[in-house]
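Q: I have a few questions on how the labels for this structure were reached. Please set each value against its cut-off.

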Amino acid sequence: MVRRAGGGGGGGAGGAGVKAARRPEVRLPELESYDGFGLEPDGDYDGLEFREVDFVGQDGGGARFMDCALTGCALDETRLHHARVLDSVLTGIRGVGTDLAESTLRDVELVDARLGGVQLHGSVLERVLVRGGKIDYLNLRKARLKDVVFEGCVLVEPDFGGARLERVEFVGCVLKGADFTSATLTDVDLRGAAELDIARGVDRLAGAVISAGQLLDLAPVLAATMGIRVEGGGEG
C-alpha cells in the first residue's frame, strides 16, 4: 500500500525508459444543440452538444458519438453497450450503473465525472484523458487501454483484472483498492499517483514504473504476495 505522492519522476516525463502516453487532442467543430427526445439503439450522433440532458435508464446500445460534447448529463443505468465515443469531450457527467461494456473510446476527454459502478469491461480505450472527478467501482476487466492518462481524479476500487495497459499514466490521482489481477502492464507510470492502494495483483506490476518511496510502502504487500514472513529483528 502506498500513500504518498510519487517523488522524483512524476508521470508523463517518460523517464526511466518508460514511454509517455499520447494525450488526446480534441478540437470540436461548431456544434448543434441536441433537441432530440432520447437515445436510440445504434443511433448516430455527429457534431452535437448535449447539455444537462437526462438519459437515465435509456438504451443507446451500439450508438456512435462523433465530435460531440456532453456536459452535465445524467447517465444512471444508461445502456451504451458497444457504443463508440470518438473525438468527444464529456464534462461533469454523472450516473450510477452506466453500461459501456465492450465500447470504444478514442480521442476522448472525460472531465470532472461523478460516476459509480461504470461497466467498461472488454472495452477499448485509446488516447483518453480522465481528469478530475471521482469514479467508484470502475470495471475495466479485460479492457485494452493504450495512451490513457488518469489525472487528478479519485478511483475507488478500480478493477483492471485481466486488462492490458500500455502507455498508461497516473498523475496526481488517488487509487484506492485497485485490482490488477492477471493484468498485463507495459510502460505504465505509477510514480505520479498521489495515493496508491493495491488490493490485489501486486505481482502483476512488471512493466510498471514506481518511485523509490512507493517501493518502500509496497514492501509489506510484496512480501505477503511472495509468502515472505517479516518479523521484528531482535538481537541476542
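Q: What makes the lining of the largest cavity nonpolar, polar or charged by class?
A: This is a predicted model. The lining of its largest cavity has 23 nonpolar residues, no polar ones and no charged ones. Leu and Ile count as nonpolar. Leu90, Ile93, Leu100, Leu105 and Leu110 are the lining residues closest to the cavity centre.

Q: Which elements give two or more residues to that lining?
A: They are strand 6 (84-91), strand 8 (104-116) and strand 9 (124-136).

Q: How many cavities of 30 Å³ or more does a search of the whole structure find?
A: The search finds one. About 290 Å³ of space lies in the largest cavity. What makes it a cavity is that a 1.4 Å probe fits but cannot get out.

Q: How do you know how many disulfides there are?
A: A disulfide needs two cysteine sulfur atoms within 2.5 Å. By this rule the count is zero. Take Cys73: its nearest cysteine sulfur, that of Cys68, is 10 Å away, so Cys73 is in no disulfide. For Cys153, the nearest is the sulfur of Cys173, at 4.8 Å. The cut-off is 2.5 Å, so Cys153 is in no disulfide either.

Q: Why is Cys73 called buried?
A: Its relative accessible area is 0%. Buried means under 20%, so the label applies to Cys73.

Q: What makes Cys153 buried or exposed?
A: Cys153 has a relative accessible area of 2%. That is under 20%, so Cys153 is buried. Exposed would need over 50%.

How values were computed:
Residues are numbered from 1 along each chain as its sequence is written. This is a predicted model: local features need pLDDT of at least 70, side-chain atom pairs count only at pLDDT 80 or more; totals for chains, interfaces and linings use all residues. Side-chain values use heavy atoms; hydrogens and water are left out. Buried means under 20% relative accessible area, exposed over 50%, partly exposed in between (1.4 Å probe, protein chains only). On a 1 Å grid over the protein atoms alone, a cavity is a set of points where a 1.4 Å probe fits but cannot get out, and a pocket is an open set with protein on both sides within 12 Å along at least five of seven lines; lining residues have an atom within 4 Å of a point. Grid points are joined across faces, edges and corners, and a volume is the space filled by probe spheres set on the points. Helices (H or I, at least four residues) and strands (E, at least two) are DSSP runs, numbered from the N terminus.
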